[in-house]
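Try each task before you read its solution.

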Amino acid sequence: MKNVAEILKDRMAFSFEVFPPKTDAGMEKLCAEGGVLDHLYELNPDYISCTYGAGGTNSRNTVEIANEIENVNGVTALAHMTCVSSEREQVRSMLEELRALGIENILALRGDMPMEEGLSLST
């Protein structure tokens, strides 16, 4: 697949960003034949990025979606990783899994600390 940095070096890129659904029904709607991703592929994006999911709760789906985009459908995938609330071994494991799938475009972010229940940004 293409390296996103190389795509962006040469010209303005056309891309989409998707987020990992929280439910199996949402994953089906995104990834199944005739689903959202199929409609996005028709528009010939340079790449599609997949976010990590709030607080890493559904980060497992990020790997699955990136694999679907890149290895099943042949579109360059950019997988997001939010590291602040992850244990070192979780980060290492996800990186190894992405590498094993041949997904090389990764956007590693510090991310925001998960908010404690009852706290508000406005206080």
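The exercises below move from the sheet to one of its strands, then to cysteines and charged pairs. The model is a predicted one.

**Exercise 1. The neighbours of β3**

Determine how many bridges join β2 to β3, and how many join β3 to β4.

Solution. 
- Step 1. Start with β2, residues 47–50. This strand runs parallel to β3, and 3 bridges join the two.
- Step 2. Pick out one bridge. Ile 48 has Ala 77 of β3 as its partner.
- Step 3. Turn to β4, residues 106–109. Here 4 bridges join the strand to β3, again with parallel strands.
- Step 4. Name two of the residue pairs. Ala 79 is partnered with Ile 106 of β4. Thr 82 is partnered with Leu 109 of β4.
- Step 5. β3, helix α5 (residues 88–100) and β4 form a β-α-β unit, and the unit is right-handed.

**Exercise 2. Both faces of β3**

Decide whether the residues of strand β3 are buried or exposed.

Solution. 
- Step 1. Recall the rule for strands. In a regular strand, side chains alternate between the two faces of the sheet.
- Step 2. Take one side of β3. Ala 77, Ala 79 and Met 81 are buried there.
- Step 3. Take the other side. Leu 78, His 80 and Thr 82 are buried too.
- Step 4. Conclude. In β3 (residues 77–82), 6 of the 6 residues are buried, so the strand is largely enclosed by the rest of the structure.
- Step 5. Zoom in on His 80, which lies in β3. Its relative accessibility is 7%. The cut-off for buried is under 20%, so His 80 counts as buried.
- Step 6. See what His 80 touches. Leaving out residues up to four places away in sequence, its contacts include Glu 17, Cys 50, Tyr 52, Met 94 and Leu 109.

**Exercise 3. Two cysteines**

Solution. 
- Step 1. Recall the bond. A disulfide is a covalent bond between the sulfur atoms of two cysteines.
- Step 2. Set the limit. The two sulfur atoms must lie within 2.5 Å.
- Step 3. Count. The structure has 0 disulfides by this rule. Cys 31 is in no disulfide.
- Step 4. Check burial. Cys 31 is buried at 16% relative accessibility. Cys 50 is buried at 1%.

**Exercise 4. Charged pairs**

Locate the 3 salt bridges of the whole structure.

Solution. 
- Step 1. Side chains of opposite charge can pair when their charged atoms come close.
- Step 2. Look in helix α1, residues 4–10. Lys 9 and Glu 6 form a salt bridge at 3.3 Å, N to O. They are 3 residues apart, which means about one helical turn. Lys 9 is exposed at 59%, while Glu 6 is partly exposed at 40%.
- Step 3. Look between loops. Arg 11 pairs with Asp 46, with closest N and O atoms 2.6 Å apart. Arg 11 is in the loop between α1 and β1, and Asp 46 is in the loop between α3 and β2, so the pair ties together parts 35 residues apart in sequence. Arg 11 is partly exposed at 41%, but Asp 46 is buried at 13%.
- Step 4. Look in helix α5. Arg 92 and Glu 89 form a salt bridge at 3.9 Å, N to O. These two are also about one helical turn apart, being separated by 3 residues in α5. Arg 92 is partly exposed, at 40%.

Conventions. Residues numbered from 1 in each chain as written. Predicted model: local features only at pLDDT ≥ 70, side-chain atom pairs only at ≥ 80, totals over all residues. Heavy atoms only, no water. Buried < 20%, exposed > 50% of the residue type's maximum accessible area, 1.4 Å probe, protein only. Pairing = 2+ DSSP bridges. Right-handed = clockwise from strand over helix to strand, strands pointing away. Contact = heavy atoms within 4.5 Å. Salt bridge = Lys/Arg side-chain N within 4 Å of Asp/Glu carboxyl O.
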